[in-house]
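Please open the model in your viewer and keep the selection tool at hand, as this tour moves from one selection to the next.

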Amino acid sequence: MKKFLSVFLSLSLCFCFLSRTEAKSAADITSLQQINGSGSYRLTADITADKNLEISASDAVILDLNGHTIQLQEKSIINQGSLTIQDRKATGKILTDNTILIRNNASLYIAGGSYETKTVGGAVFLNANADSYLQIDDASVEARSYAVYNKGKAIINQGTFHSSSSNTDKTASGATFFAYCIANKDLPTASMTINNAKVTGVQGAVANATGNIIIKDGYFATEKDNPKSFYALYVAGEYNVAHGEIYGGYFYSPKYAVSVGNDNTDGDGGVNAEATTEIYGGSFYGDQGAVQYAPITGKNPYILGGTFNSDISAYLADNAIMKEADGLFTVGKKLSSITMPETLSVSVHTKRSLSPVIDPADTIETISWTSSDPSIVSVDQNGTITAHKKGSAVIKAVAASAQAQCQIQVYQLDVPGQETTSGSVSSNIKDQASKNIIYQFLDQAINDPNSSLDPATKTNLQNAITAGKKITVLPAAKPLKANTINSDIKKSITKAAEKLNQKNQTIIFGEYLDISLNIEADEQPLGSIHELPAPIKISISIPKKLIKPNRTYYIIRYHDGKADVLPTSQSSDTLTFETDRFSTYAIVYTDSPKASANTYDSTDPISWTSVMILSAITSILCVISYRSIKKFG
């Protein structure tokens with residue numbers, strides 16, 4: 001108990017020390033003026049600031065809003081160094097009456113929190129030059145104009161962004177100023193990636209006026225029935241060449257969901273540089289249309305995937321295909337090729353998929369399946385065939401862009417339920433599930449060059465099928481003489497039998513067997529099956545010489561250097577067990593319990609002779625002992 005208390009107190013002290021260390025890792029502040037160099041800072045109260053917060057080029061600052069609010073009175077945060085703003089309590093905010101909330105000239109990382117501007121004419125986040133880096137993770141942004149104005153590199157992961165800007169907005173000086181919620185602007189090197197963010201705006205959601213933008217997922221929309229609203233995504237070379245890539249997301253606009261290029265020469269189109277956008281996926285809904293490319297500046301239309309509420313066939317990629325249903329147009333990859341076996345052999349009643357290799361795998365193109373003779377083998381529209389009777393038929397897979405065919409040879413295969421006899425032992429397979437395993441194995445083995453069926457047997461089987469012969473699989477249990485069994489096999493089986501000595505019973509070896517699955521064609525042998533992919537149920541008769549009342553029998557299998565005792569059920573003169581390997585077996589048994597456990601082999605002449613000699617010597621000793629007692633009694 002003392003040791004326990006000592007350990008507990010030690011751990012408690014360590015925990016307190018670590019907690020205090022963590023608590024002191026960030027300096028608590030109640031004013032932005034307390035940020036005076038590199039380090040971590042944590043707000044402990046709401047702040048109203050009447051001065052800019054400036055992070056110098058040599059500083060690396062981490063600021064935790066800690067659930068508090070910073071109100072900037074017509075002021076901004078200006079970052080020249082490395083600035084991280086996080087909010088561990090998820091209720092922190094930064095607001096400004098100025099046009100710009102944070103001007104980033106170097107490296108800015110935003111992790112959570114809410115950010116808002118209330119004045120027309122600027123941005124919540126201004127990524128101000130070609131070398132500036134901005135990353136925003138899961139933040140909430142409310143903008144009077146731009147939420148993000150990017151000239152450098154920006155990455156946006158999740159979060160919500162909204163702009164209330166429209167083309168009727170005026171700055172304090174009376175100038176018209178309107179903005180998309182998020183935009184690449186000014187510099188040709190501007191780049192942005194958006195991952196699963198929600199972006200909405202009155203004027204528009206996302207604009208790429210220069211550089212490159214990649215959208216991987218998210219929600220992008222303008223306001224329905226609002227005449228001030230334009231596009232969910234606008235890609236136009238107003239400053240320089242503009243390029244976009246869309247891999248997913250939902251896009252809505254009362255005009256066009258996506259607009260590429262701007263041919264206007266009245267200044268609205270800027271420098272009228274080329275604009276390109278590749279669409280690989282997503283959902284696009286526009287009240288005037290899903291997508292439009294400007295005839296002059298909207299270059300190289302390329303749509304390879306997605307769902308659209310208008311016909312966009314004029315913009316399809318060369319390897320794309322479009323399907324229409326219920327007023328929606330789905331675009332996907334065109335089928336390049338269908339590959340399946342040229343020939344296939346299957347047994348009657350087989351049902352299996354032809355498993356064609358489709359390239360590309362994610363094509364939306366439909367494949368139609370047909371059979372030249374459905375009475376022999378039929379096929380459904382998933383490419384699953386069913387063999388009905390012996391014969392041959394051609395299965396075709398046909399699509400608009402590719403096709404393939406397979407010659408199906410159907411053969412008669414049977415696993416009779418009647419007993420087959422080898423010497424003193426008969427055997428049979430009556431279980432239908434076991435028969436199905438054999439059917440499936442042979443169908444697979446005859447078509448698979450890497451199957452476990454030996455080459456000679458496979459060749460014989462293929463020739464018999466081609467000749468139209470009936471194929472039969474029969475079990476055989478052939479008795480073996482003990483003196484023909486390899487000594488290593490005997491030792492391995494004996495060792496396995498010793499595991500049965502749980503109740504000091506005498507384990508007696510009754511019979512060695514060679515159990516096999518033989519393949520025949522019109523009663524002519526073709527070969528044997530040595531292994532199956534799953535166990536089947538086999539029944540064998542107990543040799544008459546071994547049948548006695550109150551006797552319990554066991555089956556031991558030897559295969560590939562290993563002997564195993566198989567679970568065995570017994571009824572009158574029959575033993576039933578499951579196996580998937582075919583080679584040397586042994587029937588062993590026990591009678592009544594003995595004082596000591598022994599194992600011997602009744603099929604081994606030497607062992608049996610030894611037992612008889614020992615019995616005779618024991619009898620003689622008993623007689624001598626009895627006479628001695630009588631003489632001296």
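The residues lining the largest cavity divide into 3 nonpolar, 3 polar and 2 charged, where Ala, Val, Leu, Ile, Met, Phe, Trp, Tyr, Cys and Pro count as nonpolar, Asp, Glu, Lys and Arg as charged, and the others, Gly among them, as polar. To see this lining, select F441, S452, L453, D454, S528, I529, H530 and E531; lining residues have an atom within 4 Å of a cavity point, and a cavity is a set of points, on a 1 Å grid over the protein atoms alone, where a 1.4 Å probe fits but cannot get out. The space inside comes to about 30 Å³, a volume being what is filled by probe spheres set on the points, which are joined across faces, edges and corners.

This is a predicted model, in which local features need pLDDT of at least 70 and side-chain atom pairs count only at pLDDT 80 or more, while totals for chains, interfaces and linings use all residues. Residues are numbered from 1 along each chain as its sequence is written, and side-chain values use heavy atoms, without hydrogens and water.

Next, select the open sheet of 4 strands, ordered β35-β42-β41-β38 with mixed pairing; strands are DSSP runs (E, at least two residues) and helices likewise (H or I, at least four), numbered from the N terminus, and two strands pair if DSSP finds at least two bridges between them. β35 (343-347) and β38 (368-371) each have a single partner strand, so one side of each edge strand lacks a neighbour in the sheet. Now select β41 (residues 391-398), which pairs with β38 in the antiparallel sense over 4 bridges, and find S368 opposite V398.

Definitions and conventions:
On a 1 Å grid over the protein atoms alone, a cavity is a set of points where a 1.4 Å probe fits but cannot get out, and a pocket is an open set with protein on both sides within 12 Å along at least five of seven lines; lining residues have an atom within 4 Å of a point.
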